[in-house]
Amino acid sequence: MHPDLARLEQQFNPSVLTRVKDSLLDRFKVEVRMKRDDRLHPVISGNKWRKLKFILNHALSMGSDTIISMGGAYSNHLHALAFTGKMLGINTVAYVRGEKPKHFNPTLSDLEHWGMKLRFVSRSEYRLLRKYKNWNDLPGLKSGEYWLPEGGMSQLALTGVRQLVEEIDREYDVICVPCGTGTTLTGIVETAPANTAAIGFAALKDQGFLQRDVESLLQEKIKKDRCRWSINSDYHFGGFAKTNDDLLTFIESFENITHIPLEPVYTGKMMFGLYDLIQQNCFAPGQRIIAVHTGGLQGNRGFAL
Ligand SMILES: *Cc1c(COP(=O)(O)O)cnc(C)c1O
């Protein structure tokens, strides 16, 4: 690990396993624990740190001084990257989807405040940028610049996720995680014991590509006995960052009962889905379930919760 990254990581907190205490779970005789990656760092979103860590290590080891990436106006990825860049003393640049807004939302304000250079691009330009999948793919890249594709979908990102799974020091039957690009799910499927099942809860609609992306990332690896895995697309609530009263009410009541904060884009949808499946008796009595709290709580500022 590059010494600058190792030093930064010393400021992180452990990602503990928290038992979810709720009489509903007792009634259905299942045990649920959350792997609290939301607790890793007060600013850097847990899931994004897992994915960024070894990518940044690669960039730093090659002497890069500028990371260029892309994301939406509420992006947890850009938020984590901008802050990490500031802490490491490297420059960050972001292509942001959509027109430059008159008033910056809290996420964009943070990015600007932390010195990230923002380049607002149209939706079609943004789509074109998705073509560039490798660190040196972006046309016009200068020496010292490192291209980080959307969502950090790469083998290096999987290495960080693998650490998350290896930290879990209890036996379990099922492990759940929210899915955007599916990179985190892939890292979990790769690492979870063969006698477990992994469920990814899709946060976006029309996820035909999600299944394929996870499969193709997995295929780059030598096959071993893998856990069973599936993607559940029943709880996206109409699409990315879409919500409704049922979801917001669930999040509020979950927080009141368990004192674990959620957000409506990823972790709220996963827990809503998990609770719904539990109530449909999809899990046998005695099942031990781990739900990965991927973080993302900074995004809550974009919602009137
Ligand atoms: C980005 C993000 C995800 C999605 O991760 P993928 O690896 O893209 O599937 C899940 N949860 C949170 C909080 C995120 O910020």
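Helices (H or I, at least four residues) and strands (E, at least two) are DSSP runs, numbered from the N terminus. The model is predicted: local features need pLDDT of at least 70, side-chain atom pairs count only at pLDDT 80 or more, and totals for chains, interfaces and linings use all residues. Residues are numbered from 1 along each chain as its sequence is written, and side-chain values use heavy atoms, with hydrogens and water left out.

Two residues with positive phi come from loops. Lys29 sits in the loop between helix H2 (23-27) and strand S2 (31-36). Its phi is near 55 degrees, a positive value in a residue other than glycine. Asn281 is placed in the loop between helix H11 (267-279) and strand S10 (288-293). Asn281 is not a glycine, yet its phi is positive at about 55 degrees. With a relative accessible area of 57%, Asn281 is exposed.

Strand S4 (residues 91-97) is largely enclosed by the rest of the structure, because 5 of its 7 residues are buried. Pairing of two strands requires that DSSP finds at least two bridges between them. S4 pairs with strand S3 (residues 66-71) in the parallel sense, over 6 bridges. Gly71 has Val96 in S4 as its bridge partner. S4 also pairs with strand S5 (residues 117-121), again in the parallel sense, over 5 bridges. Here Val93 stands opposite Lys117 in S5. From S4 the chain crosses through helix H5 (residues 106-113) to S5, in a right-handed β-α-β crossover. A crossover is right-handed if, with the strands pointing away from the viewer, the path from the first strand over the helix to the second runs clockwise. S3, helix H4 (residues 76-88) and S4 also make a right-handed β-α-β unit.

Strand S7 (residues 174-179) is mostly covered, with 6 of its 6 residues buried. In a regular strand the side chains alternate between the two faces of the sheet. Both faces of S7 are covered. Val174, Cys176 and Pro178 are buried on one side, and Ile175, Val177 and Cys179 are buried on the other. S7 and S8 run parallel and are joined by 6 bridges. Val177 in this pairing stands opposite Gly200 in S8. The chain passes from S7 through H8 to S8, and this β-α-β crossover is right-handed. S7 also pairs with S10 in the parallel sense, over 3 bridges. Ile175 stands opposite Ile290 in S10.

Helix H8 is mostly covered too: 9 of its 9 residues are buried. Among them are Thr183, Thr184, Gly187 and Glu190. Ala194 is partly exposed, with a relative accessible area of 40%. Ala194 and Leu156 are 38 residues apart in sequence and 22 Å apart in space, C-alpha to C-alpha.

Asn232 belongs to strand S9 (residues 228-232). Its relative accessible area is 12%, so Asn232 is buried. Asn232 and Ala6 are separated by 226 residues in sequence and by 36 Å in space, C-alpha to C-alpha.

A polar side-chain atom of Thr181 is 2.6 Å from an oxygen atom of the ligand. For Gly180, a polar backbone atom is 2.8 Å from a ligand oxygen atom. A backbone N or O atom of Thr183 lies 3.4 Å from an oxygen atom of the ligand. Taken alone, the ligand exposes 390 Å², and the protein buries 97% of that. These areas come from the Shrake-Rupley method with a 1.4 Å probe; for residues, only the protein chains shown count as cover.

Note on methods: A polar contact is a pair of N or O atoms within 3.5 Å; within protein, one must be able to donate a hydrogen and the other to accept it, and residues adjacent in sequence count only if both atoms are side-chain atoms. Buried means under 20% relative accessible area, exposed over 50%, partly exposed in between (1.4 Å probe, protein chains only).
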